[in-house]
Amino acid sequence: MAQYIPALEYYSEGKLPLVCTMYASSESYFGVNLKPLSDPADVVFTLMPNMCYFEFIPLGEHGTWLMAVEEEEEVPNDKLVDLVHVRRGCYYELVVTTFAGLYRYRIGDVLQVTGFHNRAPQFRFICRRNVVLSIDNDKTNEEDLHKSITTAKKLLEPHNALLVEYTSYADTSSVPGHYVLYWEILHHLSSVIDNSLTPLDAKVLHECCAAVEEELDYVYRRCRTYDKSIGPLEIRVVEPGTFEALMDLFISQGASINQYKTPRCIKSNAALKLLNSHVKASFFSSRDPTWIP
């Protein structure tokens, strides 16, 4: 939910605390935030062992966790780590056995151990494991995507515009394939009284594309600049209300209205069709990202 923090701060004018009290899913409650008034960027959760039985798939440390184990790969039982054996700074995928009957169920969340409350480990949520964009050798996870878009959307601020929602997919329908981002942008024309608003022209969106690419990892930038195996990143600006329609689509297909979150990577053909039908304009990166061998 970190992508919604800037919008919440904007609408509350920074005067209200943003409180995240618990870490839970439809399968079970997992943990609590012992410092609910802490800054959203500093929120950590202490897992409660009376909620379910926790185990963890080790994913390494120092940013190497993504390549540690593939999502569909079967994990040997002796590779699982108990709650009391996790290590500070390391990344893990959460596995639970619940009172309702789920046995060693992979939640799909990637967590990092940040410290301990007494002897109980505390975890920072990193991303969903099953959200990744890939064209060639690149592997872009949800955290990397969020960081790059957070940097790029700052280019909208001088134009009094706000990125309210986004998603993505890897378009391999042409060669080379390329990343596609769907952006819903709110342009506050009504808030300007002195007519000083700078139009949100195509150049701004081209620069947003380039800014996203500059923030992606070394492998992506090498594939884009040197190997030429990935094409320029594309931003498709969609009409207001598009992501509400997307939510309605997923709920009509059985998604829970209480648990729904905008998917950060689209794999449904029906969802892609809906998004493409609401595209107002399309923009591509104006230059290759920086890459140094």
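The radius of gyration is taken over C-alpha atoms, and the globule rule is 2.2 Å times the number of residues to the power 0.38. The model is predicted. For 293 residues, a compact globule would have a radius of gyration near 19 Å, and the protein, with 20 Å, agrees with this. Its C-alpha atoms fill a box of roughly 55 × 45 × 40 Å along the principal axes. Of the 293 residues, 42% are buried. Among contacts with a separation of 6 or more, 64% join residues 24 or more positions apart. The accessible surface comes to about 15,800 Å², and carbon and sulfur atoms account for 55% of that surface. The 27 positive and 38 negative charges have mean positions 3 Å apart.

The protein has six helices and 14 strands. Eight strands form an open sheet with antiparallel pairing, in the order β1-β2-β3-β8-β7-β6-β4-β5. Strands β1 and β5 stand at the edges with a single partner strand each, so one side of each has no neighbour in the sheet.

| Strand | Residues |
|---|---|
| β1 | 22-24 |
| β2 | 29-32 |
| β3 | 45-47 |
| β5 | 81-82 |
| β7 | 105-117 |
| β8 | 120-128 |

Eight bridges link β7 and β8 in the antiparallel sense; Phe-116 stands opposite Pro-121 in β8.

Pro-36 lies in the loop between β2 and β3. Its relative accessibility is 31%, so Pro-36 counts as partly exposed. Leaving aside residues up to four places away in sequence, Pro-36 touches Leu-18, Val-19 and Cys-20.

Notes. Residues numbered from 1 in each chain as written. Predicted model: local features only at pLDDT ≥ 70, side-chain atom pairs only at ≥ 80, totals over all residues. Heavy atoms only, no water. Pairing = 2+ DSSP bridges. Helix = DSSP H or I, 4+ residues; strand = E, 2+ residues; numbered from the N terminus. Buried < 20%, exposed > 50% of the residue type's maximum accessible area, 1.4 Å probe, protein only. Contact = heavy atoms within 4.5 Å. Areas by Shrake-Rupley, 256 points an atom, 1.4 Å probe, with all protein chains shown as cover. Lys, Arg positive; Asp, Glu negative; His and termini not counted. Charge placed at Lys NZ, Arg CZ, Asp CG, Glu CD.
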